[in-house]
Amino acid sequence: MNIREMNIEEIDIVRNIRLNSYSDYEVFVSKEHWSVLKNTLLSENDINSNSKIYVAEDENEIVGTVVLFPGEVKAYDWSDSVQSYPEIRMLAVEPSARKKGIARALMEHSLKVAKEEGNTEIGLHTATFMTKAASLYENMGFVRVPEKDLEPMNDGVIVKAYKYEL
C-alpha cells in the first residue's frame, strides 16, 4: 500500500470513494441529514481551504482517502466552529477494500504529517452512528472532547469530537 497526496485530477475518484464508503450510513439518518452529509462529501471546501487530501493506493488503484485540514480553518460547511489544531476529516475506504488496515494507515499518515508540521495536537469529529470509526479512533488513542461536540441538524445526531496529543 502506498499513501500519497492526491493529484487534483483525482478529485472525482476521491469523491466517489467517499460516497461509496459513507453510503452505509444513509439508513441511520433522515433524508435531509443524508443530503447535508452527501453535499459535505462532495463539497469544494477541502480543495479551497489549504487542506491536504491523501489517498491510499493498493495495486495502483486508489482505495482510500482522508483530508487533513490545518488549524484555524473552517473545516465544516455547516458550522462556523474553528479549531486551533488540525483536523482529520472524511476518512473513507472503498467498501471492497475494507479490513486491510487502510483506514488505520491513512490515520497514522495524518498524525505523522501533523506532527512533522509542528503541531502538538490534532482533532476529528465522527457521528454517533459511525461506531466502527469511533472504535478505530479510540483504539489509536484519541480521547473524547464532549465540549466540542456538534449537532449540525438539530435532529439528535451528535457529531462527537476527539483529540489526540501528538
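This is a predicted model: local features need pLDDT of at least 70, side-chain atom pairs count only at pLDDT 80 or more; totals for chains, interfaces and linings use all residues.

Tutor: Arg18 has its place in helix 1, and, leaving aside its neighbours within four places in sequence, it is in contact with Leu41, Asp46, Ile53, Thr65, Val67, Met90 and Ala92. Leu42 is 24 residues away from Arg18 in sequence, while the two C-alpha atoms are 8.2 Å apart in space.

In general, two packed helices are described by the angle between their axes and the distance between the axes. For helix 1 (residues 11-22) and helix 2 (residues 31-42), that angle is about 150° and the axes are 9 Å apart. Helix 1 is therefore roughly antiparallel to helix 2, since an angle over 145 degrees is counted that way. The crossing of the two is right-handed. On the side of helix 1, Arg15, Arg18, Leu19 and Tyr22 take part, and they meet Trp34, Leu37, Lys38, Leu41 and Leu42 of helix 2.

Met90 lies in strand 4 (residues 87-93), and its phi is near 50°, a positive value in a residue other than glycine. Most residues other than glycine have a negative phi. Met90 is buried, with a relative accessible area of 7%. Lys99 likewise has a positive phi, near 70°, without being a glycine, but Lys99 lies in the loop between strand 4 and helix 3 (102-116) and, at 83% relative accessibility, counts as exposed.

From strand 4 the picture extends to helix 4, whose buried residues pack against strand 4, helix 3, strand 5 (121-127) and strand 7 (159-165). Those buried residues of helix 4 (residues 131-139) are Ala133, Ala134, Leu136 and Tyr137. They lie on the same side of helix 4, because the arc they cover around the axis is only 160°. The spacing follows a general rule: an α-helix has 3.6 residues a turn, so residues three or four places apart point the same way. Turned away from the buried side, the other face of helix 4 carries the exposed residues Thr131, Lys132 and Asn139. Just after helix 4, Gly141 takes a positive phi of about 105°.

The packing of helix 3 with helix 4 can be described in the terms used above. Their axes come within 11 Å and cross at roughly 50°, and helix 3 and helix 4 are therefore oblique to each other. Helix 3 passes helix 4 in a right-handed crossing. Here Ala103, Arg104 and Met107 of helix 3 meet Leu136, Tyr137 and Asn139 of helix 4. The residues of this contact divide into 4 nonpolar, 1 polar and 1 charged. Leu136 and Tyr137 are among the buried residues of helix 4, whereas Asn139 is one of the exposed residues on its opposite face.

Note on methods. Residues are numbered from 1 along each chain as its sequence is written. Side-chain values use heavy atoms; hydrogens and water are left out. Helices (H or I, at least four residues) and strands (E, at least two) are DSSP runs, numbered from the N terminus. Buried means under 20% relative accessible area, exposed over 50%, partly exposed in between (1.4 Å probe, protein chains only). The arc is that of the directions from the helix axis to the C-beta atoms. Contact means heavy atoms within 4.5 Å. Axes are lines fitted to C-alpha atoms, for helices over the stretch in contact, and angles run from 0 to 180 degrees between N-to-C directions. Angles under 35 degrees count as roughly parallel, over 145 as roughly antiparallel, 65 to 115 as roughly perpendicular and the rest as oblique. A crossing is left-handed if the near helix is turned anticlockwise from the far one by less than a right angle, and right-handed if clockwise. Ala, Val, Leu, Ile, Met, Phe, Trp, Tyr, Cys and Pro count as nonpolar, Asp, Glu, Lys and Arg as charged, and the others, Gly among them, as polar.
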